[in-house]
Amino acid sequence: MAKLQKSIDKRNALVKATIELVNNNGFHATPMSKIAKMANVSPATIYLYFENKQDLVNQTYIEVKAEYTKYAFENFDTTLSVEAGFEHIWKRIADFKLKECENAMFLAQCDNTPMIDEESRQQGIKHLQPLLDLWARGKKEGIIKPLSDFLLYAYSINPLSFLMINQKRGTIQLDKTHLEEAYQSAWSSIKACK
């Protein structure tokens, strides 16, 4: 049992090191040797858990995406109105991005790189299904604009990454008023005009 836990700890250390190094240096300036050194394992140990750097990055992306969406959809009730459901999810996502900044920054990096392969991206999108289902219901009920899910995400969720990065830089300190204004802007960007 101790051997299994040691193996889990090594893998977790590699994932954590990958996130930190990618956030600080970018994907291309994060060689396997640096990841191994930061994780305090030999470079050969990486290959016990991952086929190569691509596999390491893809698996890390999928794991972080799963944590993100688990947090976002915690206590989500599918019987809520579309607006109330969106508010719940949006505010949980905002909370994750501000509390789990390192993981959220890693996901933002992943959104903007060709390093993540298409299969992993599609697997990551599946984790967003409750939000996509809510939007589908909203479109059907005429509450959400009949736009692609990519546009809805770009206008309502992606701005949170911008705010998170600027808070981390110290250029803004988000308080409850800012977050409420950001939510209202997100909702008005996707709700159908009547």
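**Figure 1. Helix 9 gives the most to the lining of the largest pocket, with 4 residues.** Welcome to the first close-up of this predicted model. The pocket shown here, the largest, has a volume of about 450 Å³. Its lining is made up of 17 residues, and those lying nearest the centre are Lys65, Asp111, Ile125, Phe150 and Tyr153. Two or more lining residues come from each of helix 4 (53-72), helix 6 (101-111), helix 7 (118-126), helix 8 (129-140), helix 9 and helix 10 (159-169). Sorted by class, the lining of the largest pocket holds 10 nonpolar, 3 polar and 4 charged residues.

**Figure 2. A nonpolar surface patch is made by Leu147, Leu151 and Tyr155.** The patch covers about 270 Å². Leucine 151, one of the patch residues, has its place in helix 9, which spans residues 149-156. Is leucine 151 buried or partly exposed? Leucine 151 counts as partly exposed because its relative accessibility is 39%, and the partly exposed class lies between under 20% for buried and over 50% for exposed.

**Figure 3. The second largest pocket has a volume of about 210 Å³.** Here you can pick out the lining residues one by one: Asn12, Val15, Lys16, Ile19, Glu20, Glu63, Val64, Glu67, Glu102 and Asn103. Helix 1 (2-25), helix 4 and helix 6 are the elements that give two or more residues to this lining. Which helix gives the most to the lining of the second largest pocket? That is helix 1, with 5 residues. By class, the lining of the second largest pocket divides into 5 charged, 3 nonpolar and 2 polar residues.

**Figure 4. The structure holds 1 cavity of 30 Å³ or more.** The largest cavity has a volume of about 50 Å³. Around it you will find Lys65, Tyr68, Lys97, Leu107, Ala108, Asp111, Tyr153 and Asn158. Helix 4 and helix 6 each supply at least two residues of the cavity lining. Of the elements, helix 6 gives the most to the lining of the largest cavity, with 3 residues. The lining of the largest cavity has 4 nonpolar, 3 charged and 1 polar residues.

Methods: Residues numbered from 1 in each chain as written. Predicted model: local features only at pLDDT ≥ 70, side-chain atom pairs only at ≥ 80, totals over all residues. Heavy atoms only, no water. Patch = residues over 30% accessible without salt bridge, like charges linked within 9 Å, V, L, I, M, F, W, Y side chains within 5 Å. Areas by Shrake-Rupley, 256 points an atom, 1.4 Å probe, with all protein chains shown as cover. Salt bridge = Lys/Arg side-chain N within 4 Å of Asp/Glu carboxyl O. Buried < 20%, exposed > 50% of the residue type's maximum accessible area, 1.4 Å probe, protein only. 1 Å grid on protein atoms, 1.4 Å probe; cavity = no way out; pocket = protein on both sides within 12 Å on 5 of 7 lines; lining within 4 Å. Points joined across faces, edges and corners; volume = space filled by probe spheres on them. Nonpolar A, V, L, I, M, F, W, Y, C, P; charged D, E, K, R; others polar.
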